[in-house]
Structure formats: C-alpha cells, structure tokens
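Hi,

Here is the structure I promised to pass on.

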Amino acid sequence: MSPSKKHAYSHAAKLVNYDGATGVFIWLKREGSDPKTRQFNTRFSGKECGCDNGKGYSSIKIRIDGELFTLAAHTLVWLIAYGEMPVYDIDHIDGNRSNNKIDNLRAVTKALNCRNAKMLKSNTSGVTGVTLDKSTGKWRARTKVDKVMHSLGSFDDIRNAENAIKLFRAKHGFTDRHGQK
C-alpha cells in the first residue's frame, strides 16, 4: 500500500465515528466555517457513510488535497479498533463482505483467508472441489492447500466425493462455511 493511501486511512479515521457492535460508520462534524465545510456538515455530518464497491465490500470515499481515495471499510475498522494498519488480509468470518462488526473480522494470511472462501460462481457441480470427469462419469474430488493440489480420488456418487472433500478440509483448517453459496 502506498504511503499516500496509508495517510488517507489515518486521515479518514479522524473523520468518522465507528460503532464496533453494528459495523456502521458515521461522518463526524468538521471544524471550520468555509463554504465547503459548512456544505459538508449540512449534507453529511451525523449520517452513515460508506457504499458498496460493486463486489459486496463496503468502501468509504474521501478527498485529500484534491485527490480522491476509495478506502476499504474493513481496513479502516482494523485501524480504528487496533491503532495500526493490518499486516495480513482482513477476513469476514461469516462471509458477508459488508458485515464490518469488529467481532466478524480477523487478520489472517491469504492462505487462511482462502480457507473461508465462498463457492465460485463458475462452479457447476454444486460442491466446491468436486467436478464431473465426463470421460469416466465419475466425480473427482480435488483441493489446494498451501499452493499444493491434492487429489482425493474419483467417486461414483457425488455425495461420497463431497464427504471426502469435507473430511480433508476439516483436517487442514478450512472453515465450515468454506465453499458455501
């Protein structure tokens, strides 16, 4: 992250009030009597801030010295709650990208964050990690752990392939909601 973006997060933390129980940000009243400050206070002060970034995450936009910054709300939460920028990815434990309650967020490595991922839209079997091998008519169970692909076998029944995947993932630190819709 660029130094200017880090500065934007620090600056934004001073402009909002964050409620950790609800995950909601409220714009604070700004000091000053110039027209732009008065206009901001009239339109936004005391109101909820943040919007969907198009991918389900909440973001907050601020302008500093004419430059517009779009900030990830969950990263701003971490800064406000813990006083420092996160070193790792911020994972939404329940999978809801807009739920920024502090007890729903955890800092994890990218590898652990991936072990709490929802099902990809491109999935055709309805079970993450299970595909139909059209040449054999069997269900193949495969999954990656730490960039290593693990083949768990081929199965006549999709439920047996699903069980094999779930058992394997349970032993390797995947969450129960991993691969769910």
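Below is what I found, going from the whole chain to a few residues.

A word on the ground rules: this is a predicted model, so local features need pLDDT of at least 70 and side-chain atom pairs count only at pLDDT 80 or more, while totals for chains, interfaces and linings use all residues. Residues are numbered from 1 along each chain as its sequence is written, and side-chain values use heavy atoms, with hydrogens and water left out.

The chain has five helices and eleven strands (DSSP runs numbered from the N terminus: helices are H or I with at least four residues, strands are E with at least two). Its C-alpha atoms fill a box of roughly 75 × 30 × 25 Å along the principal axes. The radius of gyration is 22 Å, whereas a compact globule of 181 residues would be near 16 Å (taken over C-alpha atoms; the globule rule is 2.2 Å times the number of residues to the power 0.38). Of the 181 residues, 33% count as buried (under 20% relative accessible area; exposed is over 50%, partly exposed in between, with a 1.4 Å probe and protein chains only).

Now helix 2, residues 35-43. Thr 37, Phe 40 and Asn 41 are buried there. Strand 2 (24-27) is part of what covers the buried residues.

Trp 27, Phe 40 and Phe 44 are linked into a cluster by ring pairs (rings of Phe, Tyr and Trp, using its six-membered ring, with centres within 6.5 Å; planes under 30 degrees apart are stacked, over 60 edge-to-face, the rest tilted). There are four aromatic pairs in the count. Trp 27 and Phe 40 form an edge-to-face pair, with ring centres 5.5 Å apart and planes at 85°. This pair links distant parts of the chain, 13 residues apart: Trp 27 in strand 2 and Phe 40 in helix 2. Both Trp 27 and Phe 40 are buried. Phe 40 and Phe 44 make a tilted pair, with centres 5.3 Å apart and planes at 40°. Phe 44 is partly exposed, at 32% relative accessible area.

Lastly, Asn 116 is in the loop between helix 4 (110-114) and strand 9 (130-133). Asn 116 is buried, at 4% relative accessible area.

Cheers

Conventions. Contact = heavy atoms within 4.5 Å.
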